[in-house]
Amino acid sequence: MSSDGIIEAPGIILLFICLLRCTQYFIKSHIKQVQAFWLASVLIFVAVIRRELNYLPDLLVPSDFSFLNQSYDWWEDSVLTVIYLVALGLLAYSRHYLWAVLKNVPVSLYLIVTALAIIQYMGENAIIFPHTFGEVVEELAETVIYGIALTYLWRFKLADYESCLAKKLNYELKHADN
């Protein structure tokens with residue numbers, strides 16, 4: 001684990017809890033578009049967790065690893081690209097549900113997360129912050145963002161959005177029949 005591992009640990013724990021919560025929503029969902037949204041969320045959290053655990057390949061994979069004449073880094077990037085594309089496709093499929101969720105998020109939450117992402121970027125790239133302090137700022141900003149995500153997921157009412165989408169789909173189906 002890197003030198004900022006102690007600071008990074010709470011963020012990783014929060015990400016795992018977010019992953020479990022999204023998995024729970026995926027299992028509870030009864031509408032295919034809703035399931036697609038939550039499966040995309042699970043895949044996104046898997047990819048983010050993998051990126052956060054960037055020290056694992058150094059510990060578990062030999063430096064000369066090669067499979068079908070490709071290095072571990074190539075395989076990792078390829079698999080993560082496929083995960084991102086599948087998640088993007090699932091989000092496109094569930095666009096009505098995605099929009100229903102996104103439009104009900106308070107604007108202030110978007111602004112706070114954007115500000116934290118900018119601070120995280122500045123810390124990571126030692127902009128304004130000295131490099132050693134920048135790592136701490138980066139990890140703390142990420143942890144706060146993950147905490148916000150978990151809080152939002154915990155307060156989320158799946159039944160409210162699922163019933164809203166079911167009504168909309170019935171409305172669209174009734175009008176398609178006419």
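**Notes on the model**

1. Ala126 sits in the loop that links α6 (107–124) and α7. Bear in mind that this is a predicted model. The phi of Ala126 is near 55°, which is positive even though the residue is not glycine. With a relative accessible area of 32%, Ala126 is partly exposed.

2. Ile128 is also placed in the loop between α6 and α7. Its phi is positive too, at about 75°, and Ile128 is not a glycine either. Ile128 counts as exposed, because its relative accessibility is 71% and the cut-off for exposed is over 50%.

3. The largest nonpolar core contains 37 residues, and Trp38, Phe45, Tyr97, Leu153, Phe156 and Leu158 have the most contacts inside it. At least two residues each come from α1 (5–28), α2 (32–52), α4 (72–93), α5 (95–103), α7 (131–155) and α8 (158–177). The biggest contribution is that of α2, with 10 residues.

4. Leu153 deserves a look in your viewer. Leaving aside residues up to four places away in sequence, Leu153 touches Cys18, Arg21, Cys22, Tyr25, Trp38 and Phe45.

5. Finally, the helix pair α2 and α5: their axes come within 8 Å and cross at roughly 65°, so α2 is roughly perpendicular to α5. The crossing is right-handed. On the α2 side the contact uses Gln33, Val34, Phe37 and Trp38, and on the α5 side His96, Tyr97, Leu98 and Val101. Sorted by class, this contact has 6 nonpolar residues, 2 polar and no charged ones.

Methods
Residues numbered from 1 in each chain as written. Predicted model: local features only at pLDDT ≥ 70, side-chain atom pairs only at ≥ 80, totals over all residues. Heavy atoms only, no water. Core = buried A, V, L, I, M, F, W, Y, C linked by side-chain atoms within 4.5 Å. Buried < 20%, exposed > 50% of the residue type's maximum accessible area, 1.4 Å probe, protein only. Helix = DSSP H or I, 4+ residues; strand = E, 2+ residues; numbered from the N terminus. Contact = heavy atoms within 4.5 Å. Axes fitted to C-alpha atoms, helices over the stretch in contact; angles between N-to-C directions. Parallel < 35°, antiparallel > 145°, perpendicular 65-115°, else oblique. Left-handed = near helix turned anticlockwise from the far one by under 90°. Nonpolar A, V, L, I, M, F, W, Y, C, P; charged D, E, K, R; others polar.
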